[in-house]
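Visitor: Please take one part of this model and go through it closely. I would like the cut-offs stated along with the values.

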Amino acid sequence: MSRSQAESPERPATAERGLPKLFRLTKLMVYGDRQPVTRTPADVGLDFEDAVFTATDGVELRGWFLPSGPERGPAVVFVHGWLWNRAGNAAGRVPFVDRDVDFLPAAKALHDAGFHVLLFDLSNHGESGKRPPLTMGRWEARDFDGAVGYLRSRDDVDAARIGALGTSAGANTVMYAIPGGPPVKALLAVQPTRLPVFNANFSREVLGPLGPAAARSTDLLYALLRAPLPSRHDPAVPARRLGATVVQYVQGTGDPWGRMSIVEEFSDLTPNSLGVIAYPSTGRYEGYQYVSKEAADVAAFFTAHL
């Protein structure tokens with residue numbers, strides 16, 4: 001991955017201003033971006049297979065399956081966030097300050113603990129197929145259901161012991177998918193979010209005082225595209241229906257775009273929640289780095305609950 005912004009503080013996030021920046025951000029919110037896949041599990045010493053499968057609506061999805069061995073065993077699927085890909089996030093491609101988030105250390109920790117691992121690109125990301133617009137979990141739930149279906153089809157995966165790790169929109173995706181999809185035994189949900197709040201806070205920081213009004217205007221575009229409206233995006237609704245799935249929430253303490261209180265609300269509504277880990281952070285991306293920096297804790301959660 002590229003050096004993070006934290007390692008290159010002198011580099012501005014972007015030189016764009018005004019309408020060009022607004023148009024680019026709107027395009028990213030609605031249609032996304034395709035980060036190139038520049039790393040593989042081989043970079044951390046892991047063997048892997050290319051995985052190709054379909055979402056439940058037929059969109060082709062691509063990723064990697066990391067076998068822990070030939071024996072039938074549990075599996076964990078990673079579901080990445082907005083504008084990322086199967087390996088995490090490589091900083092410096094977007095018109096705002098972001099940070100590197102590396103999934104491979106946690107994937108290795110899980111592999112070494114005896115878990116098969118699936119890393120894949122959501123639709124409209126990486127090397128997977130298109131399904132515009134982005135809905136931050138509502139339609140992407142079809143991708144997750146396809147990933148779980150792929151795992152359940154494999155003879156080396158115990159279909160009763162499948163878990164998920166989701167970050168941001170990826171966490172939302174899993175929350176929306178579980179109530180109507182195949183059973184998922186455990187979920188590590190890192191910084192899920194209620195989209196209207198996220199969009200308002202994000203756009204205010206990146207675009208200025210008029211940013212929230214611009215973000216709200218995307219409802220009209222989504223209505224024209226016959227897609228779920230961002231203003232009605234609320235993972236609290238599926239949180240109530242997560243059933244027997246054991247859920248551990250994680251939220252960064254310094255997140256300027258999300259809110260600890262919202263994740264605590266999700267946790268309170270979740271039937272089998274372990275609560276919220278308040279992860280020390282100075283920004284939203286530093287909260288995501290829980291996955292990169294606390295790989296042993298990630299493996300310990302799934303060891304305890306799969």
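**Helix α5**

Guide: Helix α5 covers residues 195-207, and its 13 residues should span 18 Å at 1.5 Å a residue; the end C-alpha atoms lie 17 Å apart, which agrees. The expected span is 1.5 Å times one less than the number of residues. Helices here are DSSP runs of H or I with at least four residues, strands are runs of E with at least two, and both are numbered from the N terminus. This is a predicted model, in which local features need pLDDT of at least 70, side-chain atom pairs count only at pLDDT 80 or more, and totals for chains, interfaces and linings use all residues. Residues are numbered from 1 along each chain as its sequence is written, and side-chain values use heavy atoms, with hydrogens and water left out.

The buried residues of α5 are Leu195, Val197, Phe198, Asn199, Ala200, Asn201, Phe202, Ser203 and Val206; buried means under 20% relative accessible area, with a 1.4 Å probe and protein chains only. After α5 comes Gly208, with a positive phi near 105°.

Of its 306 residues, 59% are buried. The C-alpha atoms fill a box of roughly 55 × 40 × 35 Å along the principal axes.

Notes:
Buried means under 20% relative accessible area, exposed over 50%, partly exposed in between (1.4 Å probe, protein chains only).
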